[in-house]
Amino acid sequence: THVTFRHLLNHRSGLPAWRPYYKDILQIERHGGRINFLGSPGAKAHVYQAIQRERLEAPPGTRALYTNLGFMLLGAVIEEVSGMGLDRFCHERIFRPLGLRATGFDLSLLRTRRLEPVTEMIAPTERCPWRKKLLCGEVHDDNAYAMGGVSGHAGLFASAKDLDTLLCRLKDCYHNRSQMIPQRIIRQFW
């Protein structure tokens with residue numbers, strides 16, 4: 001049985017919930033002679049290959065288990081099909097058309113709009129033991145960070161205003177007042 005997009009979207013792929021791929025990436029960088037591997041395209045490719053080698057914990061479609069790995073793969077598919085990075089795809093096809101000005105994977109964009117200091121606008125999420133700092137405005141998820149901060153499962157930041165804009169548009173799709181996402185699809189997901 002093959003894993004389908006529907007399986008990935010419904011968390012019924014059979015993939016494990018999580019794996020600490022970031023530890024492999026750190027090992028490769030520290031002891032494998034790959035300087036600046038952390039956060040590189042090579043690190044991202046390493047994670048995608050590792051996910052594809054994972055043994056399924058259940059046959060696809062038989063068990064619901066929230067899994068980051070499935071959404072990481074969905075991000076990879078978007079990159080492959082679109083020919084652009086997930087961050088660029090989301091910016092060009094979702095954020096900009098919706099007027100979401102404070103949404104993105106890279107909060108350095110906020111700095112270029114002179115909304116400094118960013119740390120006063122964003123709540124810190126944790127003191128990361130291996131990054132040895134308080135995380136504020138950067139992805140909390142270790143695997144997403146190791147992949148360069150952009151992944152299908154984590155790393156997206158938004159303001160409350162932008163979230164309201166997005167949710168209002170999704171509600172309009174649900175009531176067939178917008179065609180951004182066809183009504184039948186949004187109703188099925190909700």
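Modeller: Happy to: contact means heavy atoms within 4.5 Å. Helices (H or I, at least four residues) and strands (E, at least two) are DSSP runs, numbered from the N terminus. This is a predicted model, so local features need pLDDT of at least 70 and side-chain atom pairs pLDDT 80 or more, while totals for chains, interfaces and linings use all residues. Residues count from 1 along each chain as its sequence is written, and side-chain values use heavy atoms, without hydrogens or water.

Biologist: Good. Which residues of H3 and H4 meet?

Modeller: On the H3 side they are Lys44, Val47, Tyr48, Ile51 and Gln52. Facing them in H4 are Leu69, Met72, Leu73, Gly75, Ala76 and Glu79.

Biologist: Let's stay with Lys44. Where does Lys44 lie, and what does Lys44 touch beyond four places in sequence?

Modeller: Lys44 is part of helix H3, which spans residues 41-53. Setting aside residues up to four places away in sequence, Lys44 touches Glu79, Met147 and Val150.

Biologist: And is Lys44 buried or exposed?

Modeller: Lys44 is buried, because its relative accessibility is 14%; buried means under 20% relative accessible area, exposed over 50%, partly exposed in between (1.4 Å probe, protein chains only).

Biologist: Switching to rings, how many aromatic pairs are there?

Modeller: The count is three aromatic pairs. One of them is Tyr22 with Trp130, which is stacked at 5.2 Å centre to centre with 25 degrees between the planes. For the cut-offs, rings of Phe, Tyr and Trp (its six-membered ring) pair if their centres lie within 6.5 Å; planes under 30 degrees apart count as stacked, over 60 as edge-to-face and the rest as tilted.

Biologist: Where in the chain are Tyr22 and Trp130?

Modeller: They come from distant parts of the chain, 108 residues apart. Tyr22 belongs to helix H2 (residues 21-31), and Trp130 sits in the loop that runs from strand E1 (126-128) to strand E2 (133-135). Both Tyr22 and Trp130 are buried.

Biologist: What about Tyr174 and Trp190?

Modeller: Tyr174 and Trp190 also make a stacked aromatic pair, with 5.4 Å between centres and 25 degrees between planes. This pair links distant parts of the chain too: Tyr174 is in helix H8 (residues 160-174), while Trp190 falls in the segment after helix H9 (183-189), 16 residues away.

Biologist: Why does Trp190 count as exposed?

Modeller: Because its relative accessible area is 55%.

Biologist: Last one: where is Trp18, and what is Trp18 in contact with?

Modeller: Trp18 is found in the loop between helix H1 (5-9) and H2. Beyond its neighbours within four places in sequence, Trp18 is in contact with Asn68, Leu69, Asp141 and Asn143. Although 50 residues separate Trp18 from Asn68 along the chain, their C-alpha atoms are 5.9 Å apart. Trp18 counts as partly exposed because its relative accessibility is 38%.
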